[in-house]
Amino acid sequence: MSRMLRVNMTDRTAKFEPMPSAYAHRAGRWLTSSLVHDEVPPTCHPLGPDNRIVFSPGVATGTAAPTSSRISVGGKSPLTGGIKEANAGTGWGRRLARLGIRALVVEGQPKDGTSWVLKIDSRGVGFEPAGAWAGKRLSEAVGAIAAQHGGREKVDVCAIGIAGELRMGAAGICFTDREGRATRYAGRGGLGAVMGSKGLKAIVVDDSGGTDIPIADKAKFDQGRKKLAAALGEHAITKPKGALNAYGTAVLVNILNEAGGLPTRNFREGRFEGASRIAGEAIFAGNKERVGREVYNHPCSPGCVIACSNTWHRKDGTEHTSCIEYESDWAFGADCGISDLDQIAELNLLCNEYGLDTIEIGGTLAVAADGGLWEFGDGKRAIELVHEIGKGSPLGRILGNGAVVTGRAFGVARVPHVKGQSMPAYDPRAIKGIGMTYAVSTMGADHTSGYTIAPEILGVSGKLDPLNPQKTDLARNFQYATAFIDSTGHCLFIAFAILDIASGFEGLVEECAGILGTAWTMDDVGRIGKAVLDLELEFNRKAGFTTADDRLPDFMSREPLPPHNSVWDVPDCEIDKVFS
């Protein structure tokens, strides 16, 4: 992984460049944020020619390290106006790494509005017209594109749907999973719209003739890999047939509902009366009934040992959608007042097909319900509204640009967001640490910026009182650790095991140091995480962000959240201390 591939969509040229020495050990989020910080004017229009979209596999992506096939995508977000990194589990990044490409940088945009498929293989780069796939559902387009280039055994595909083509703020970037399905998303922040603005419908990567990732110190790498694998195989959350493998991330539905932190009907309540009907346990039981056997979950990408991606089946046993993550389940379930798994599955499927972030669209539908467009619980009408996005109708374009735009269009003041990005599935009034993460994250409201749910709700690394507002150090440290993990190419879910099992954490650092030939220790995790956050914070400051943007919606300070009847009571001065 010693090269950078730079693609200019204005004149459709591509060139390989050596990695600058300043980026010698950077990969994943560390590298995408570095390139965005260094090359993108902070005040540029996110959909203009000066923005970049950057793809980077992590340090360990493409190696035998467990659960390491993540791809980071970076750019300036059209949803927030700040820096953005989103990542996905897919074989696409693994193939890119095997071609010796540490970063793919896409710049410029076609002057004639044309759309293209970019093909990358060991022979170089090619461009093919994408007009035949415009407006198509992603399963159709991606399946045909992959077949045209040798099939899923040979290639992986990254693509945008109609939402990205129309440059909607809720548009994500889709990647193929291990079965070639168009289901894995770098979903948040509207990066699909940035890709659309570059005239890119899809990027095909064929790693035939690629090489193994060079490892500087194989003994150290193998030592670390084994420690991490042992920790993942031992921990109750990540082990085979453990919580995630059996029930998927939707195992959290009942847990958060019991904790009183499951946002319901546009964040009015912390418990949903239909939670047990949509939870991971209900998905597991429903699949068993419909398929006739127990259905454990599958890996999203090569080398994943956690295997938390579920599949929901129709009554006749055929596949309906994959994957109903906790966030998607909540967004279309509790937040919209819908307790029918088939309706939730259809909403999830449509987002996959149209290229949409499920969190943003679920939040948007909840705001739309407050705006009088439909009634909470009416799943059929919610499905109709998502179809409007797929049609690109005037109403669909409003909804497809997210919760904040929808709130403005329909006069709704109650919009749970930070920096323009819709809030995920944890109410900060009931879980104060995650609220601080939302407030100060460089990405807008984003639970994956610093998943304090681990100690606050799950008791990982020690149980903390979720209602205690003294979480400044927690919020900071979790964001630093997360930025490091996002740079390694590992799934964030390894955090459950490495926070409880010290040898697993040590193994993570050892395997990365072994690959790069560095002397990194666990003490370097915070240093590197801080370096990533410092880049992102500086970009946002130059883009015009101030501490006034690090705030939660004011209704949360006024309205007590049942059942705890707590409000958001973390003082602004404490929020401002996180990165001061």
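This is a predicted model: local features need pLDDT of at least 70, side-chain atom pairs count only at pLDDT 80 or more; totals for chains, interfaces and linings use all residues.
The chain comprises 580 residues, of which 65% count as buried. Its secondary structure consists of 24 helices and 16 strands, and its C-alpha atoms fill a box of roughly 60 × 55 × 50 Å when the box is taken along the principal axes.

One part of the strand content is arranged as an open sheet of 6 strands, in which the order is 2-1-6-3-4-5 and the pairing is mixed. Strand 2 (13-18) and strand 5 (83-89) stand at the edges of this sheet, and each has a single partner strand, so one side of each is left without a neighbour in the sheet. From one strand to the next, the twist averages 20°.

With strand 8 (residues 124-129), strand 7 pairs in the antiparallel sense over 6 bridges, and the two strands form a hairpin with 2 residues between them. In this pairing Leu-118 stands opposite Phe-127 of strand 8. Strand 7 also pairs with strand 12 (residues 200-206), here in the parallel sense and over 5 bridges, with Val-205 of strand 12 as the bridge partner of Ile-120.

The side chains of a regular strand alternate between the two faces of the sheet. In strand 7, Trp-116, Leu-118 and Ile-120 point one way, whereas Val-117, Lys-119 and Asp-121 point the other way, and all are buried. Because 6 of the 6 residues of strand 7 are buried, this strand is largely enclosed by the rest of the structure.

The buried residues of helix 13 include Thr-358, Glu-360, Leu-365 and Ala-369. From its first C-alpha to its last, helix 13 reaches 19 Å, which is close to the 18 Å expected for its 13 residues at 1.5 Å a residue.

Individual positions in other helices were also examined. Glu-353, which is placed in helix 12 (residues 341-354), counts as buried because its relative accessibility is 9%, a value under the 20% cut-off. The C-alpha atoms of Glu-353 and Leu-99 are separated by 29 Å, and these two residues are 254 residues apart along the chain. Asp-534, which lies in helix 22 (residues 523-543), counts as partly exposed because its relative accessibility is 34%. Asp-534 and Phe-579 are 45 residues apart in sequence, while their C-alpha atoms are 8.8 Å apart in space.

Rolling a probe the size of a water molecule over the atoms shows where empty space is left. The search gave a count of 1 cavity of 30 Å³ or more, and about 30 Å³ of space lies in the largest cavity. Its lining includes Ala-246, Tyr-247, Gly-280, Phe-284 and Asn-310, and the lining residues divide into 5 nonpolar, 4 polar and no charged. Helix 7 (243-247) and helix 10 (280-291) each supply at least two residues of this lining, and the largest share, 4 residues, comes from helix 10.

Most residues other than glycine have a negative phi, and most peptide bonds are trans. Against this background, the peptide bond from Ser-322 to Cys-323 is cis, with omega near 10°, and Cys-323 is found in the loop between strand 14 (319-321) and helix 11 (326-332). The peptide bond from Pro-562 to Pro-563 is likewise cis, with omega near 10°, and Pro-563 is found in the loop between helix 23 (555-558) and helix 24 (572-577). Asn-565, which is also found in the loop between helix 23 and helix 24, has a positive phi of about 55° although it is not a glycine, and Asn-565 is exposed, with a relative accessible area of 52%. Lys-419 has a positive phi of about 55° as well, but Lys-419 is found in the loop between strand 15 (417-418) and strand 16 (421-422) and, at 11% relative accessibility, counts as buried.

Definitions and conventions: Residues are numbered from 1 along each chain as its sequence is written. Side-chain values use heavy atoms; hydrogens and water are left out. On a 1 Å grid over the protein atoms alone, a cavity is a set of points where a 1.4 Å probe fits but cannot get out, and a pocket is an open set with protein on both sides within 12 Å along at least five of seven lines; lining residues have an atom within 4 Å of a point. Grid points are joined across faces, edges and corners, and a volume is the space filled by probe spheres set on the points. Ala, Val, Leu, Ile, Met, Phe, Trp, Tyr, Cys and Pro count as nonpolar, Asp, Glu, Lys and Arg as charged, and the others, Gly among them, as polar. Two strands pair if DSSP finds at least two bridges between them. Axes are lines fitted to C-alpha atoms, for helices over the stretch in contact, and angles run from 0 to 180 degrees between N-to-C directions. The expected span of a helix is 1.5 Å times one less than its number of residues. Buried means under 20% relative accessible area, exposed over 50%, partly exposed in between (1.4 Å probe, protein chains only).
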